[in-house]
Amino acid sequence: MMNWGKAWLNYKKIDGMEETKLLDEIYYYWEDPIIVNAAAELETALTKMQEISVTSRRIEKGEEAKLPSGVILQVEESSSLDKEGYRITREENKIFIEGKEPTGVLYGAFHLIRLIGCGESIERLAIEEAPSNPNRMLNHWDNIDGSIERGYAGKSIFFDKENILLNDRTRDYARLCASVGINGVVINNVNVRGAATRLITKEYLPQLKKMADIFHGYGIKLFLSLNFAAPMEIGGLTLADPLDSQVITWWKGAFKEIYEYIPDFGGFLVKADSEGRPGPFTYHRTHAEGANMLAEIIKPYGGIIVWRCFVYNCKQDWRDRLTDRAKAGYDNFMPLDGKFNDNVILQIKNGPMDFQVREPVSPLLGGLRHTNQILEVQVTQEYTGQQRHVCYLIPMWEEVLKFKTYCGEKADTVADIVSGRTFYQTNCGMAGVANIGNDENWTGHDLAAANWYGFGRISWDTTLTAEEIAKEWILMTFSDDERVIENITGILMNSWPAYEKYTSPLGIGWMVNPGHHYGPNVDGYEYDRWGTYHRADCKGIGVERGQAGTGYTLQYHEPNASMYEKIETCPEELLLFFHYISYTHKLKSGKTLIQHIYDTHFEGVEDVEEMIKKWKALEGSIDSDAFERVTLRLKEQLSNSKDWRDIVNSYFYRKSGIADGKNRTIY
Ligand code: GCV
């Protein structure tokens with residue numbers, strides 16, 4: 001029986017390890033909580049994977065030369081390694097894990113565990129790794145009452161009824177994060193309301209310090225989301241103007257207190273002037289003025305301000321041809337490029353809208369040249385099946401990372417930009433909106449844990465492929481049985497395309513129920529009365545974002561701008577995002593648009609049926625509880641995918657009046 005609370009760290013016996021006597025002792029000579037945790041993790045893993053007793057102990061530096069065998073953890077401050085990097089080498093019966101700093105050793109320990117867990121040979125070892133991205137963060141949208149905004153896996157593991165939770169899960173969470181290289185965690189929702197505003201005060205700091213200490217032992221910095229209006233809401237001031245001296249003094253006092261409790265506190269994530277959140281616009285100040293005020297105060301403590309670019313006017317009236325929410329991020333932030341302090345990072349959602357199943361890459365990535373940037377992706381499946389549907393998201397992020405921005409530099413992909421390589425930045429990286437909660441298996445849907453695992457792995461190494469990551473995760477979580485690997489890989493790799501097929505076609509997005517964002521509702525529109533997201537009428541569908549329309553395509557560099565501008569060169573999977581297209585338009589496949597919509601909706605459902613077949617074939621080969629849980633979710637997915645198919649197809653049949661060329665029943 002698996003212990004689902006341990007997820008992919010639920011170590012199990014690995015065949016063929018019996019003879020490997022060299023792995024029965026762990027030695028370290030650097031007394032540090034991170035090293036002690038690395039040794040403890042190896043001890044647990046190697047005990048279970050070899051079914052022998054493994055011990056760990058401290059030795060004096062130099063003593064390792066006399067040892068016959070074992071795993072030796074070394075910190076070499078003068079090493080040429082990256083500060084979080086590591087080297088794993090083997091000399092006869094000894095394995096050395098070396099880091100420049102303790103975190104490197106911890107990551108190296110998890111690498112060795114992963115190698116063994118995945119059945120790789122450890123006969124010869126000459127591994128050297130450094131992370132692609134300096135910041136690899138999870139953002140939790142957890143509210144202080146214990147609920148989670150867009151959470152689909154139970155309640156918060158950090159908060160309950162306005163209290164901070166500290167328990168075994170806090171540590172297991174940190175272990176799981178560290179095992180995939182996550183080094184920063186924002187524990188509260190970016191929409192900071194009510195009591196959450198007081199998280200930065202003495203009322204919560206003693207408990208937060210305890211949490212930060214646990215995280216510290218796993219190389220993770222604690223961050224908080226901040227309420228820009230805190231000086232008013234809890235400070236008794238009448239304004240929160242970033243240039244007002246009383247406001248500045250108030251923030252100085254608040255930050256001083258935080259750092260007295262938590263000296264290695266990471267900093268703040270800020271959502272300002274968006275979806276009702278307060279911000280500098282109220283005082284006619286720019287976002288740079290708002291962010292820099294906080295950045296200056298936090299700088300002496302080594303903290304950073306992560307400022308989100310998800311800023312748009314949610315009440316905007318779409319009836320005018322030029323108005324386009326997709327343009328808002330760029331319009332708001334491009335004029336400020338170069339105006340942010342060096343400890344401010346702009347956090348940019350992967351697409352210009354809002355985590356739809358398919359969006360183009362945000363033009364801010366490649367647009368901004370003089371500003372630190374973090375790429376934000378959504379691990380929690382708000383618009384991708386809410387963890388009731390399997391939707392493995394790493395292939396989507398892989399595409400985003402590989403996207404060529406043509407920003408005029410040699411290293412011009414999104415991966416290059418957010419790693420800091422393109423513009424020589426050190427404050428940059430990736431953030432994922434977390435998909436976990438207090439469900440026993442952490443993620444509600446067992447297969448959604450692959451997205452948490454995968455976010456960490458791909459943000460550590462942006463050259464990994466989605467398929468490689470899937471296989472690792474399956475091996476670590478389930479089994480090394482070939483059929484298990486093949487079938488689950490097949491399910492995962494086909495899940496995003498399948499979801500896309502039976503939901504919204506060719507980049508148009510949404511078509512979900514407003515509010516909770518689940519289930520088909522083609523005309524579903526979030527705000528007031530102004531239209532739909534898709535602009536379908538009896539002749540066609542799509543938003544004209546070329547120069548004849550909103551002009552959004554102009555936000556890209558050439559040749560991307562022209563590629564999107566022309567219907568002939570626009571990638572088909574994004575055709576309706578960029579253009580209004582008639583239902584009778586012929587696609588590259590030779591099919592008309594309307595036929596494509598019908599066909600993909602039928603195919604998506606068939607893909608789910610295929611997934612179910614693959615899953616059923618695993619009965620008896622994997623843990624029975626997990627088998628049952630996923631079986632139930634797949635059943636729900638099948639039934640929901642049929643709803644999507646029928647509602648979307650019948651909508652377009654009625655709208656266009658064009659019958660299905662294959663004469664299927666369209667409800
Ligand atoms: C946390 C979308 C979501 C909101 C979320 C927002 C954001 O609009 O629906 O729940 O708020 O994005 O990213 O700030």
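## Barrel strands

β11 and strand β12 (residues 267–270) pair in the parallel sense over four bridges; two strands count as paired if DSSP finds at least two bridges between them. Helices (H or I, at least four residues) and strands (E, at least two) are DSSP runs, numbered from the N terminus. The model is a predicted one, in which local features need pLDDT of at least 70 and side-chain atom pairs count only at pLDDT 80 or more, while totals for chains, interfaces and linings use all residues. Residues are numbered from 1 along each chain as its sequence is written, and side-chain values use heavy atoms, with hydrogens and water left out.

On another side, strand β10 (residues 184–186) is joined to β11 by three bridges, and the two run parallel. Gly 184 has Lys 221 in β11 as its bridge partner. Strand β11 (residues 221–226) has five of its six residues buried, so it is largely enclosed by the rest of the structure. Buried means under 20% relative accessible area, exposed over 50%, and partly exposed in between (1.4 Å probe, protein chains only).

The pairing continues from β12 to strand β13 (residues 304–308), parallel again and over four bridges. Two residue pairs can be named here: Val 270 has Trp 307 in β13 as its bridge partner, and Phe 268 stands opposite Ile 305 in β13. These strands belong to a barrel that eight strands close in the order β7-β10-β11-β12-β13-β14-β15-β16, with parallel pairing. Neighbouring strands of this sheet are turned by 25 degrees against each other on average, direction ignored. The axes behind this angle are lines fitted to C-alpha atoms, for helices over the stretch in contact, and angles run from 0 to 180 degrees between N-to-C directions.

## Open sheet

A separate heading is given to the other sheet. Six strands form this open sheet in the order β2-β1-β3-β5-β4-β6, and the pairing is mixed. Its edge strands, β2 (55–58) and β6 (126–129), each pair on one side only. On average, neighbouring strands of the sheet are turned by 15 degrees against each other, direction ignored.

Strand β1 (residues 25–28) is joined to β2 by four bridges, and the two run parallel. Tyr 28 has Arg 58 in β2 as its bridge partner. Strands of a sheet pair through backbone hydrogen bonds, either parallel or antiparallel.

## Ligand surroundings

The ligand has 14 residues around it, of which Glu 149, Lys 271, Arg 308, Lys 349 and Glu 382 come nearest. A residue is near a molecule or strand if one of its heavy atoms lies within 4 Å of it. By class, this shell has eight charged, three polar and three nonpolar residues. Ala, Val, Leu, Ile, Met, Phe, Trp, Tyr, Cys and Pro count as nonpolar, Asp, Glu, Lys and Arg as charged, and the others, Gly among them, as polar.

Oxygen atoms of the ligand lie 2.6 Å from an N or O atom in the side chain of Arg 308 and 2.6 Å from an N or O atom in the side chain of Glu 382. For Glu 275, a polar side-chain atom lies 2.8 Å from an oxygen atom of the ligand. Taken alone the ligand exposes 340 Å², and the protein buries 97% of that. Accessible areas come from the Shrake-Rupley method with a 1.4 Å probe; for residues, only the protein chains shown count as cover.

A polar contact is a pair of N or O atoms within 3.5 Å; within protein, one must be able to donate a hydrogen and the other to accept it, and residues adjacent in sequence count only if both atoms are side-chain atoms.

## Loop residues

Gln 387 lies in the loop between β15 (372–378) and α10 (394–402). Gln 387 is buried, with a relative accessible area of 0%. A polar atom of its side chain lies 3.1 Å from the backbone oxygen of Thr 443. Asp 354 is placed in the loop between β14 (344–349) and α9 (364–367) and is buried at a relative accessible area of 7%. Asp 354 and Trp 510 are 156 residues apart in sequence but 9.3 Å apart in space, C-alpha to C-alpha.

## Backbone geometry

Most residues other than glycine have a negative phi, and most peptide bonds are trans. Gln 387, which is not a glycine, has a positive phi of about 60 degrees. Arg 535 also has a positive phi, near 55 degrees, in a residue other than glycine. Arg 535 sits in the loop between α14 (482–502) and β17 and counts as partly exposed at 26% relative accessibility. A cis peptide bond joins Glu 558 and Pro 559, with omega about 5 degrees; Pro 559 lies in the loop between β17 (540–541) and α15 (560–565).
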